[in-house]
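I opened the model to look up two things.

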Amino acid sequence: MSENGFDAIIVGGGLAGSTAAYVLAQEGLEVLLIEKGNYGGSKNMTGGRLYAHSLEKIIPNFAEEAPVERRVVRERISMMTEKDAVTMDYHSPRLAETGSDSYVVMRGKFDRWLFDKAEEAGAMVAAGIKVDQLIVENNQVTGVICGGEEMRANVVILADGVNSILAEKAGLRKRVKPSQVAVGVKEIYELPAKVIEDRFGLTGDEGAAWLFAGSPSNGLVGGGFLYTNKESISIGLVMGLEHIGESNKTIDEMLVAFSNHPEVAPLIKDGKLLERSGHVVPEAGLSMVSTLYGDGFLICGDAAGFCLNIGYMVRGMDLAITSGELAAKAVLVAKEKGDFSSASLKSYKEMLDKSFIMNDLSVYKNFPAFMENPRIFNQYPTMVSNIMAEMFVVDGKPAVPLRKKVMKHLKTVGLINLAKDGLKGVKSV
């Protein structure tokens with residue numbers, strides 16, 4: 001151990017923190033990884049989809065040993081009203097090609113595996129420990145306090161989740177605003193693997209990811225999701241925190257309505273409810289990213305606001321993993337210099353700027369504002385559903401040219417609104 005204690009103390013045993021610990025331990029540094037839960041992943045219920053490219057570079061062929069559920073080969077997106085659904089389905093082996101593959105994971109299992117990998121690499125891990133505050137001396141972070149005990153390090157990496165109380169208490173970043181985060185709720189239903197494969201048109205270890213917009217969030221900013229696990233199905237909702245008070249339904253009521261929707265109910269029929277849980281997730285994209293480094297500290301993962309939601313795709317895990325990797329590399333650079341000041345740790349931001357993280361967040365920086373448009377979650381699902389009904393419902397009435405039927409429904413939204421929203425949408429992506 002260095003004369004300052006550890007080379008690095010990492011707070012948070014999720015994907016970002018465990019990755020940083022793993023990379024540093026692999027390089028022989030003395031690392032302490034602290035997790036508030038009883039084990040890595042014990043508090044994480046998010047589950048969902050991991051794009052493999054980020055972890056593949058760090059642990060080649062990780063999916064051969066990691067507790068992944070299914071490899072995604074099917075993408076579905078639905079616009080829903082209370083009774084109807086219009087769905088786009090993309091099924092392709094290209095989704096599973098090495099380098100562009102992705103996996104459905106259960107974060108409780110997966111995070112624990114990565115946490116244990118960091119320990120195997122040589123990191124000292126401490127689970128069931130709550131960090132009370134950071135030690136700040138002469139404006140530099142020099143360690144942490146846990147239960148009255150001080151632990152010192154050259155640098156502290158904060159990977160303690162979207163609402164990083166430690167960073168806020170130490171004045172390292174501003175308090176998270178309700179407009180920057182969303183509340184996620186999820187249920188897991190147990191079903192036999194064969195039933196899941198039959199219902200979703202899958203074989204073997206193939207998986208499906210499905211996103212829903214419209215009625216699931218009761219017409220407010222948000223949406224539904226569904227992922228196929230090996231022997232269970234995860235379904236849930238994500239809704240902007242600042243809009244919850246505008247709804248005439250609670251989130252629990254919305255989740256019940258979503259699970260009972262004619263499009264969803266048959267998919268989870270006869271499933272045994274295993275888990276119901278909630279979580280806060282970053283939602284504002286680039287505008288949420290603030291302080292990333294300073295004298296003696298780095299911030300990564302959800303704590304840094306690294307999440308990308310562009311409607312048809314939600315990404316957070318690959319950003320967390322790569323930010324953890326780059327935080328570790330910045331510590332290696334600082335150790336080589338013997339300088340853990342802000343000027344030295346700035347290399348973290350420089351590496352982020354060259355990575356896909358800041359590039360992708362910058363490309364889609366206008367999308368969160370575009371999604372604030374209420375028509376996306378109210379009028380457009382209804383309009384699309386009504387157009388589909390005009391095309392496929394045959395009731396014996398005299399035929400009317402389809403263009404007239406379609407125009408009738410387009411006018412309910414307004415042609416000017418359609419043009420404005422279309423232009424704004426194109427610019428945001």
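**Helix packing and cysteines**

I find H1 and H3 roughly parallel to each other (angles under 35 degrees count as such). Helices here are DSSP runs of H or I with at least four residues, numbered from the N terminus. The model is predicted, so I note that local features need pLDDT of at least 70 and side-chain atom pairs pLDDT 80 or more, while totals for chains, interfaces and linings use all residues. Residues are numbered from 1 along each chain as its sequence is written, and side-chain values use heavy atoms, without hydrogens and water.

I looked up the geometry next. The axes of H1 (residues 15–26) and H3 (residues 107–120) come within 8 Å and cross at roughly 20 degrees; axes are lines fitted to C-alpha atoms over the stretch in contact, with angles from 0 to 180 degrees between N-to-C directions. The crossing of H1 and H3 is left-handed (the near helix is turned anticlockwise from the far one by less than a right angle).

For the contact (heavy atoms within 4.5 Å), I listed residues on both sides. Those in H1 include Leu 15, Tyr 22 and Ala 25, and those they meet in H3 include Arg 107, Phe 110 and Leu 114. By class, I get eight nonpolar, two polar and three charged residues where H1 meets H3 (Ala, Val, Leu, Ile, Met, Phe, Trp, Tyr, Cys and Pro are nonpolar, Asp, Glu, Lys and Arg charged, the others, Gly among them, polar).

I then searched for disulfides (pairs of cysteine sulfur atoms within 2.5 Å) and counted zero. Cys 146 is in none, and its nearest cysteine sulfur, that of Cys 300, is 17 Å away. Cys 146 is buried at 7% relative accessibility (under 20% relative accessible area, 1.4 Å probe, protein chains only).

Terms used: Buried means under 20% relative accessible area, exposed over 50%, partly exposed in between (1.4 Å probe, protein chains only). Helices (H or I, at least four residues) and strands (E, at least two) are DSSP runs, numbered from the N terminus. Angles under 35 degrees count as roughly parallel, over 145 as roughly antiparallel, 65 to 115 as roughly perpendicular and the rest as oblique.
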